[in-house]
Every structure is written in C-alpha cells, then in structure tokens.
Amino acid sequence: MSAPAPSARPGPGRPTSAPIAPPIAPPTLTALEADLAALPGVVSVWCGPPGGPPAYVREPDATHDAASTMKLAVMAAAYRLAEEGALDLDEEVRVHNDFGSAVGDGAVYHATADYDSDPLPWERLGRSASLRWLVRRMIVRSSNLATNLVLERVGLPAVAAAWAATGARHSVVTRGIQDYAAREAGRSNLVTAADLAGMLGALQARALASPTACAQMLEVLLDQEMTADVVQGLPPGTAVAHKNGWVDNVRHSAALVLPTDAAPYVLVTCVSAELDDAAGCAVVARVAAASWADRHGLSQPPRK
C-alpha cells in the first residue's frame, strides 16, 4: 500500500491552491486554457508570487507521478538534517548501486547506468563522494544514482518532514528510483503543482531551512543544466532556479523565475499526458512563455 500523504499543515511559503483571482487574470496564461484542456491527459499549472496567492492555476491539487521533481524534497531533507547536526554534507559516502527496497524483508534493488542522465557518479562506483557533491549532481544533472545515495543517508521520514514543513497536502516520497518491487507494491512518489510551488515559495522566503541553507539550495537550482523545457520558453539568459522531471508520458517543471524587470514568480507545470517527450517539453515551454508575457501582473494583490 502507498504510504499516507502527510497531513495538511500551514507552512512557510505554502501557497494558496484555490484559484483566487487577481484584479485582472493573466491574459496570456488564461488564453492557453482551451489548448491545455484538449491535451490527452492532465496538465497542472501554478503561477504566482512565491508564497501565493496564485495569479493563475489549473488542476493545482491533481496528483502526478513525481518523476525527478521528488529530488527537491530529498535535497531539502539533506540540508535540514545538516542544520540539526544529524548529517554532515561534507561526509564522504561509498558510491554503490545496490539499495534496500522500501518493501523491506531484506529485499534489494539495483540502480542502472542506462537509466540515468549523469555519468559522473557512476565513474565513482566503488569509491566515495561527499553528500554535498551528490546533492548537487542529483539536482543539476538529475542523477538517479546520486539521489538513491542521498535518500539512503537521509531516510524517507526526513523527506516527509520536508514536505510537511511547507504544508504539502498530497506530495510523498515513498521509495527510491528503480525500486520496482516497491512500485509494484503500490508505493508511489507523487507531487502536485501546489505542493511544489509551496516548496519553492518556502525556499525563496528562506523559511524551509536557515536563510544560509535556503540560499545554498537556490544556488544549486540556479545551476540547473537540464534545460529542455521551462528554459526554452523564457528569454535567453533569464535567471531561473528550477528542477524538472520526466518519465514516459510525464514532463514536469518546478521553477522560480527571477526577471530583472518584474518581481520573482513561481511557475510549476506538471504534464501527465500521452505525449512524447519533445511534445511534453513544448507544453512546458509554451506555459513558460505565457507566464513571461504576463509577468508584470503576477504579483498583484487579490480582491478583498
């Protein structure tokens, strides 16, 4: 059975997921509604100032396969444990690809290099790497091996605590990547657009961890090297702290966009649809372009 989702709690940076309309609805985003509704699946969007309320939402609480966006919560767990003194990010850990399955009973699963977008951690197999370096590879190159190594060290309860700290209502991490036995047993990694927006809002508010730790996490996200989706819809050189995720029929992006001529805004797009990856990336990029066109109106106060 899937692990229960953490209970709803008000959290710092937690956005309001209900569609609270600003004085003027973002026209370019709103104009996409018919096209997004016509896609063969579910497209969720949360767009607005960090911490909310959103300027535009659609299906903000629909659950999606998390793909690699779950790595945001794993990173947050690592930095939070380091602050508590329970973890040293500069600790060297052995790089290995066999892990205990979430189903228990001594079951083991194996990560494989052919299901990874980052070769560098694999080059250290049998040697060691610091947790800080592994966290970085987990984000900037979406390394699955690095993710499993960090998750093994921090543990699932710490990841659940990171979600809970932002008031997440539906998002959970219940297993590592390629833990197929756990997946078959019903343990799913899930996210919603609203919960991902809440985590980014808490980071921007420097409330998910200490201000220093939040700033360090945002710097890692700003160094993202996987740029096939949201970045393609923004002007070249736009600063964007983001994590994306993809598996078959899934393409997600959770982004904090930092324009030089407007206030920062959060844009989360989750696409779970029968589309190939190029088409999924194009949907995310199109939403990003619309958000950029509407950027000057995204931080207007809601109606009283």
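This is a predicted model: local features need pLDDT of at least 70, side-chain atom pairs count only at pLDDT 80 or more; totals for chains, interfaces and linings use all residues.
The structure holds 12 salt bridges, among them the pairs D90 with R132, R136 with D223 and R141 with E225. There is also an open sheet of 5 strands, and helix α9 packs on that sheet.

- D90 and R132 form a salt bridge in which the closest N and O atoms are 2.9 Å apart.
- This pair connects distant parts of the chain, since D90 sits in the loop between α3 (71–84) and β4 (92–94) while R132 belongs to helix α5 (residues 131–140), 42 residues apart.
- D90 has a relative accessibility of 46% and counts as partly exposed; R132 is also partly exposed, with a relative accessible area of 32%.
- R136 forms a salt bridge with D223, and here the closest N and O atoms are 3.1 Å apart.
- R136 is in helix α5 and D223 is in the loop between α10 (211–222) and β9 (239–247), which puts the two residues 87 apart and links distant parts of the chain.
- R136 is partly exposed at a relative accessible area of 31%, and D223 is partly exposed at 34% relative accessibility.

- R141 pairs with E225 in a salt bridge whose closest N and O atoms are 3.7 Å apart.
- R141 has a relative accessible area of 23% and is partly exposed, as is E225 with a relative accessibility of 38%.

**A salt-bridge network**

- D229, R251 and D277 are linked in a network of salt bridges.

**The sheet**

- The strands of the open sheet follow the order β2-β1-β11-β10-β9, and their pairing is antiparallel.
- β2 (56–58) and β9 each have a single partner strand because they stand at the edges, so one side of each is left without a neighbour in the sheet.
- From one strand to the next, the twist averages 10°.
- Strand β1 (residues 41–48) is joined to β2 by 3 bridges, and these two strands run antiparallel.
- W46 stands opposite V57, which is in β2.

**The helix on the sheet**

- Helix α9 (residues 193–204) packs on the sheet and touches β1, β10 (250–258) and β11 (265–273).
- The direction of helix α9 makes about 155° with that of β11.

Key. Residues are numbered from 1 along each chain as its sequence is written. Side-chain values use heavy atoms; hydrogens and water are left out. A salt bridge is a side-chain nitrogen of Lys or Arg within 4 Å of a carboxyl oxygen of Asp or Glu. Helices (H or I, at least four residues) and strands (E, at least two) are DSSP runs, numbered from the N terminus. Buried means under 20% relative accessible area, exposed over 50%, partly exposed in between (1.4 Å probe, protein chains only). Two strands pair if DSSP finds at least two bridges between them. Axes are lines fitted to C-alpha atoms, for helices over the stretch in contact, and angles run from 0 to 180 degrees between N-to-C directions. Contact means heavy atoms within 4.5 Å.
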